[in-house]
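Student: Before we use these labels, I would like to know what stands behind them. Can we go through them one at a time?

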Amino acid sequence: MRVVRQLNSEEKFNRPILTLGTYDGVHLGHQEIIRSLVEKARTENKESVLFTFDPHPRKVLYPESYSVKLIDTVDEKLEKLKELGLDTVILFPFTKEFSRLSAMEFVRDVLVNQIGVSEMHIGHDHHFGKNREGSFQELQELGELYDFSVFQLPAIFLEETAISSTKIRNAILDGNVEYANQLLGSSFVLQGKVVKGQQIGRTIGFPTANIDLDNTEKIVPKNGVYAAQVHIGSKSYHAVMNIGTRPTIANNGSVTIEVYLFDFNEDIYDQFIKVEVKQRIRDEQRFENIEDLKNQIQLDEISARNYFSSLI
């Protein structure tokens with residue numbers, strides 16, 4: 001998959017069939033659009049192209065109040081898009097100057113003159129251009145003017161709920177990762193480097209790996225304990241993950257992310273690990289003493305092992 005970060009005369013496109021949007025999460029609805037686009041492009045010997053942005057448009061438009069946390073980092077998004085078979089992703093640098101383009105100027109100057117779009121596939125609620133003023137109807141009119149066709153795909157539902165990135169972000173923030181994973185069609189992941197913590201877990205029989213996330217804009221699930229699958233290199237392990245302030249053993253209020261891997265006893269400091277967050281087990285809570293905490297961690301391990309056994 002080709003990744004284009006700047007449009008210039010050296011970048012050539014083969015009668016592209018294109019979709020555009022932020023595509024945060026690349027959820028089941030996104031996947032439906034991309035699969036239809038890729039299939040059509042292959043049938044007609046054209047190029048399948050996704051036009052997306054980096055940074056997120058809201059970060060540029062509202063820098064002082066920007067608070068959007070992303071489901072996927074750019075690298076995670078590109079990995080998912082590659083798996084869907086796209087030929088090209090345009091990772092367009094969103095700027096304030098770009099945001100001032102009207103819908104007509106964006107279509108004429110960028111999609112037609114620079115990319116040569118031959119066909120567009122967009123979602124049911126897609127808007128574009130300055131102040132998101134461009135609609136499907138306007139895109140159809142511009143398509144007739146500039147000789148490209150436009151197809152609008154219906155919303156994808158899961159149990160009568162239209163899938164959206166906003167719903168997924170809200171589910172993650174609520175700790176409802178199982179529901180988020182259903183809408184994503186894959187597991188929500190956290191990635192980062194293992195760093196040294198206070199090593200208290202080691203002293204009570206549950207050594208943990210503390211994770212320093214590799215992207216501060218990544219959304220983090222609600223504080224609590226989760227069943228997780230941890231990937232280290234080519235190997236994977238079942239684990240429980242705690243996100244929170246560790247109120248039984250710490251009182252500084254800082255949030256940490258740490259995983260206790262089952263049947264594992266290796267030094268992995270400074271290694272990058274990937275954590276698939278599978279199921280919420282319980283809220284974080286403060287225990288009266290370390291012994292009560294140890295007993296609860298044992299119960300958490302049983303819950304997580306039972307979860308993974310249920311998948312077999």
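Predicted model: local features only at pLDDT ≥ 70, side-chain atom pairs only at ≥ 80, totals over all residues.

Student: How is the protein divided into domains, and where do their centres lie?

Tutor: The division gives domain 1, residues 2-162, and domain 2, residues 188-310. The bounds come from an automatic or database domain assignment. The C-alpha centres of the two domains are 37 Å apart.

Student: What makes domain 1 and domain 2 count as being in contact?

Tutor: Contact requires heavy atoms within 4.5 Å. By that rule 10 residues of domain 1 touch 9 residues of domain 2. Together the two domains bury about 760 Å², with 43% of this area on carbon and sulfur atoms.

Student: Which polar links cross the interface of domain 1 and domain 2?

Tutor: The rule finds 2 salt bridges there, and 7 residue pairs are in polar contact across the interface. On the side of domain 1 that touches domain 2, there are 4 nonpolar residues, 1 polar residue and 5 charged residues.

Student: Why is the pair of Lys218 and Glu76 called a salt bridge?

Tutor: The cut-off is 4 Å between a side-chain nitrogen of Lys or Arg and a carboxyl oxygen of Asp or Glu. For Lys218 and Glu76 the closest N and O atoms are 2.6 Å apart, so the pair qualifies.

Student: Why does the pair of Glu217 and Lys59 get that label?

Tutor: Here the closest N and O atoms are 2.2 Å apart, which is within 4 Å, so Glu217 and Lys59 form a salt bridge. Glu217 is in the loop between strand S10 (209-213) and strand S11 (224-232), whereas Lys59 is in helix H2 (residues 57-61); the partners are 158 residues apart in the chain.

Student: Why is Lys59 called partly exposed?

Tutor: Its relative accessible area is 34%. Buried means under 20% and exposed means over 50%, so Lys59 falls in between.

Student: What about Arg2 and Glu47: are they buried or exposed, or in between?

Tutor: They form a salt bridge, with 2.6 Å between the closest N and O atoms. Arg2, at 27%, is partly exposed. Glu47 has a relative accessibility of 9%, which is under 20%, so Glu47 is buried.

Student: How do you know that Asn242 is buried, and what does Asn242 touch?

Tutor: Its relative accessible area is 16%, under the 20% limit, so Asn242 counts as buried. Asn242 belongs to strand S12 (residues 235-244). Beyond its neighbours within four places in sequence, its contacts include Gly224, Thr256 and Glu284. The side chains of Asn242 and Glu284 are joined by a polar contact of 3.5 Å.

Student: Why are Glu159 and Asp270 called exposed?

Tutor: The limit is over 50%. Glu159 has a relative accessible area of 65%, so Glu159 is exposed. Asp270 passes the limit with 55%, so Asp270 is exposed. Glu159 lies in the loop between strand S7 (157-158) and strand S8 (161-162), and Asp270 in the loop between strand S13 (256-261) and strand S14 (272-282).

Student: Which residues does the cis peptide bond join?

Tutor: The bond joins Asp54 and Pro55, with omega about 5°. Pro55 is in the loop between S3 and H2.

Terms used
Residues numbered from 1 in each chain as written. Heavy atoms only, no water. Buried area = accessible area lost by both parts, 1.4 Å probe. Polar contact = N/O pair within 3.5 Å; in protein donor to acceptor, adjacent residues only side chain to side chain. Nonpolar A, V, L, I, M, F, W, Y, C, P; charged D, E, K, R; others polar. Buried < 20%, exposed > 50% of the residue type's maximum accessible area, 1.4 Å probe, protein only. Helix = DSSP H or I, 4+ residues; strand = E, 2+ residues; numbered from the N terminus.
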